[in-house]
Amino acid sequence: MKRWMTVLVASLTVFALTPGALAEPKPKYYVNEAALEAFEPLPGATGMTGILNGAGYLVEVPDDWNGDLVMWAHGYAGEGLELNVSPPPAGLRQYLVDQGFAWAASSYSKNSYNVSQGVKDTHSLATWFRGHVDKPDRTYIAGVSMGGHITAVSIEQYPMYNAAMPVCGVLGDFELFDYFLDFNLAAQALGGVDSEYPIFTVEPYLTETVPQIQANLEAFPGGWPIFLNADGTNLKNLTELRSGGDRPNFDEAWFFWNEFASFAGPPGDFLFDLGLGDGTLAGRPGQVPDNHDTVYQFDGDSALSADEQALNDSILRVSADRQSRHSNGLANVPVVSGDIDIPVLTMHNLGDLFVPFGMETIYGQRVADHGKSDLLVQRAIRGVLHCDFTDAEYTTAFADLVAWVEMGTKPDGDDVLDPAAVAHPEFGCAFTDGAHLLGTPCP
């Protein structure tokens with residue numbers, strides 16, 4: 001579990017910079033050249049490594065290359081200065097080589113939650129491939145978590161890509177950070193403690209305030225997070241709605257993320273850990289999260305109950321800095337508009353509460369608003385972890401995307417925009433292929 005959580009935390013940033021950090025000298029990033037030199041291509045393929053514009057890269061070209069290239073975008077890699085390249089997951093990588101696909105991946109020239117840099121460096125590497133290897137017949141792009149955000153932005157910024165597969169991605173851009181804010185401020189209000197934002201220190205928030213919130217929301221001492229009183233149940237229901245709506249696998253997700261997952265505080269404090277900081281991100285002026293006009297609810301009825309009205313009246317309201325959100329261009333947290341022109345296939349774990357399933361709903365609606373739903377397929381996978389997909393799920397999804405591009409037949413997906421479909425007991429069963437931690441069995 002400890003090793004898994006280390007990997008999980010390395011997939012996406014949740015720490016915000018303090019204002020003082022913004023005034024510090026720019027960090028001097030460096031590529032881990034030893035790791036590049038240690039890269040071993042799979043049998044039947046040729047590997048290439050190097051540094052391009054300050055970013056390390058890995059390239060693998062099968063001896064029987066089919067002429068197509070897959071650009072792979074990795075997730076958040078921490079706040080350190082060392083830059084490393086992450087190849088595609090082992091099963092997908094093997095499948096790509098076996099099927100004749102070349103792939104390339106960049107370390108990006110900066111760490112932190114820097115989507116803009118990831119987009120630029122991935123594009124630069126794809127351009128380098130064209131000049132130093134060969135011009136691909138088709139170029140696909142795929143990525144996980146922050147890499148999913150990079151994938152979604154890349155296809156809107158550059159016309160060179162033929163299809164995309166962002167998985168477990170931050171497809172709702174700023175909405176992710178609003179969700180982090182929502183949980184913590186709602187927990188404070190319902191938990192009967194003085195609301196605070198921003199939160200700059202782990203102590204006393206995680207050592208005193210959070211235990212008090214949990215105690216005030218449990219039905220009896222030691223009952224958190226399973227046995228809850230009315231206010232605790234309201235927080236759980238609010239979190240379900242804010243993270244993707246009524247759906248299978250949420251009860252297991254609530255248990256896991258509030259019992260085991262952590263990185264800054266004790267096990268089970270993960271969702272509270274997400275509230276640390278002042279809401280600024282690397283290279284961005286001012287705080288990003290915003291709830292100034294958010295309407296909080298505990299159920300699907302749009303009419304506010306007395307309890308819902310009380311929360312909306314009492315919860316602390318926060319407004320994003322006017323300079324922190326931009327609707328176009330490659331700002332450091334670029335907006336994903338949903339205005340797509342190529343086939344896109346996504347996957348997401350239903351119980352992921354780190355980058356929640358609701359990212360898919362937001363993305364699906366944005367694509368629909370542009371009249372482009374015919375170019376989008378979305379798939380739900382039963383499981384509670386972040387970016388937890390089996391080899392079969394990865395390879396099936398990619399094979400379906402390729403068939404869609406080559407033969408023009410749109411593959412099947414899940415209707416994430418229909419609340420009744422999402423709430424159905426069998427939702428997520430169609431494309432789940434293999435075992436997942438706390439993945440609820442299908443009827």
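**Figure 1. Residues in contact between helices α7 and α8 in the predicted model.** On the α7 side, the contact is made by Asn184, Ala187, Gln188 and Leu190. Their partners in α8 are Tyr205, Ile213 and Leu217. Sorted by class, the residues of this contact are 5 nonpolar and 2 polar, with no charged residues.

**Figure 2. Crossing of helices α7 and α8.** Two packed helices are described by the angle between their axes and by the distance between those axes. Here α7 covers residues 174-190 and α8 covers residues 202-217. Their axes come within 9 Å and cross at roughly 60 degrees. The two helices are therefore oblique to each other. The crossing of α7 past α8 is left-handed.

**Figure 3. The largest pocket and the residues nearest its centre.** Empty space left between atoms is shown by rolling a probe the size of a water molecule over them. The largest pocket holds about 660 Å³ of space. Its lining consists of 27 residues. Nearest the centre of the pocket lie Leu241, Arg242, Gly244, Gly245 and Thr361.

**Figure 4. Helices and residue classes in the lining of the largest pocket.** The elements that give two or more residues to this lining are α7, α9 (230-242), α13 (358-369) and α15 (419-423). Of the elements, α13 gives the most, with 5 residues. By class, the lining has 12 nonpolar, 8 polar and 7 charged residues.

Notes: Residues are numbered from 1 along each chain as its sequence is written. This is a predicted model: local features need pLDDT of at least 70, side-chain atom pairs count only at pLDDT 80 or more; totals for chains, interfaces and linings use all residues. Side-chain values use heavy atoms; hydrogens and water are left out. Axes are lines fitted to C-alpha atoms, for helices over the stretch in contact, and angles run from 0 to 180 degrees between N-to-C directions. Helices (H or I, at least four residues) and strands (E, at least two) are DSSP runs, numbered from the N terminus. Angles under 35 degrees count as roughly parallel, over 145 as roughly antiparallel, 65 to 115 as roughly perpendicular and the rest as oblique. A crossing is left-handed if the near helix is turned anticlockwise from the far one by less than a right angle, and right-handed if clockwise. Contact means heavy atoms within 4.5 Å. Ala, Val, Leu, Ile, Met, Phe, Trp, Tyr, Cys and Pro count as nonpolar, Asp, Glu, Lys and Arg as charged, and the others, Gly among them, as polar. On a 1 Å grid over the protein atoms alone, a cavity is a set of points where a 1.4 Å probe fits but cannot get out, and a pocket is an open set with protein on both sides within 12 Å along at least five of seven lines; lining residues have an atom within 4 Å of a point. Grid points are joined across faces, edges and corners, and a volume is the space filled by probe spheres set on the points.
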